[in-house]
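Subject: Handover of a structure and summary of findings

Dear colleague,

Please find the structure below, with its sequence.

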Amino acid sequence: MNSETLLAGGLFMIAAALALREQETGTPTPDRVSAAVTTLRSTVSPSVLSGFDFSGIFGSKDEPEKVASVSHDVDILARTLWGEARGENREGREAVASVVMNRVASGRYPDTAAKVCQQNKQFSVWNFGDPNRAKILAVTVGDPVFKECLAIAERAVSGALIDKTGGATHYHTTAIRPYWAEDEKISARIGSHIFYRGIA
């Protein structure tokens, strides 16, 4: 067994352990750890990696294959909308897009849509080990809902999307009541999501 095979096997075990830790504790793996594992993985030849099935851990790819006709911000926002709100109607997806753009404008979050979407411990679909991560990385324009998400994201990033959430920067589904929503004023109810603004 050569050193590359040993490295690939070690990476597989580390990645599996991190994913299991997330499932058991609900604590996302820090970005720097995920990035380090991904970087190490890139140093191993594909022929060696083919002997290990990372798909359930990393997803089929670590980064999406960007839609050629749109910007990075639009692409990442669209994938976030698809992951977070593909079960909603257009208005529900637009509402989630508004939350992202309200965060960009707030000065309290990163300054681009992509950075907001991929900020650690914010939108769970981007968390290392989340089962939705592999899906959002793999979705293509052949999916009609993703195609709609791209159109919504284009409007949001360009500033053309009308915010119907009342300036919300947070939301959750009607099925849960997270601790941070206690005693907070609801700014909108759209589809199966409840929206809030002014949360520190």
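What share of the contacts in the protein with a separation of 6 or more comes from residues 24 or more positions apart? The figure is 63%. Please note that the model is predicted, and every value in this message is computed from it.

**Overall composition**

The protein has 200 residues, and 43% of them are buried. Its accessible surface is about 10300 Å², with carbon and sulfur atoms contributing 55% of that area. The secondary structure consists of 9 helices and 3 strands. Read from the N terminus, the order of elements is α-α-α-α-α-α-α-α-α-β-β-β.

The 3 strands form an open sheet in the order 1-3-2, with antiparallel pairing. Strand 1 (170-173) and strand 2 (186-190) are at the edges and have a single partner strand each, so one side of each has no neighbour in the sheet. From one strand to the next, the twist averages 20°. Strand 1 and strand 3 (residues 193-196) run antiparallel and are joined by 4 bridges. Within this part of the sheet, His170 stands opposite Tyr196 in strand 3.

**Salt bridges**

Side chains of opposite charge can pair when their charged atoms come close. In the whole structure, the search finds 6 salt bridges. One of them is formed by the side chains of Glu94 and Arg155, at 3.0 Å from N to O. Glu94 belongs to helix 6 (residues 90-106) and Arg155 to helix 9 (residues 144-158), so this pair ties together parts that are 61 residues apart in sequence. Are the two partners buried or exposed? Glu94 has a relative accessibility of 10% and therefore counts as buried, the limit being under 20%. Arg155, at 31% relative accessibility, counts as partly exposed.

A salt bridge also links the side chains of Asp111 and Lys115, with an N to O distance of 3.7 Å.

**A loop position**

Where does Ser71 lie? Ser71 is located in the loop between helix 4 (55-58) and helix 5 (72-85). With a relative accessibility of 37%, Ser71 counts as partly exposed. Ser71 and Glu154 are separated by 83 residues in sequence, while their C-alpha atoms are 8.7 Å apart in space.

**Points to take from this message**

For reference when the structure is opened, the open sheet has the strand order 1-3-2, and the salt bridge between Glu94 and Arg155 joins helix 6 to helix 9.

With kind regards

How values were computed: Residues numbered from 1 in each chain as written. Predicted model: local features only at pLDDT ≥ 70, side-chain atom pairs only at ≥ 80, totals over all residues. Heavy atoms only, no water. Helix = DSSP H or I, 4+ residues; strand = E, 2+ residues; numbered from the N terminus. Buried < 20%, exposed > 50% of the residue type's maximum accessible area, 1.4 Å probe, protein only. Contact = heavy atoms within 4.5 Å. Areas by Shrake-Rupley, 256 points an atom, 1.4 Å probe, with all protein chains shown as cover. Pairing = 2+ DSSP bridges. Axes fitted to C-alpha atoms, helices over the stretch in contact; angles between N-to-C directions. Salt bridge = Lys/Arg side-chain N within 4 Å of Asp/Glu carboxyl O.
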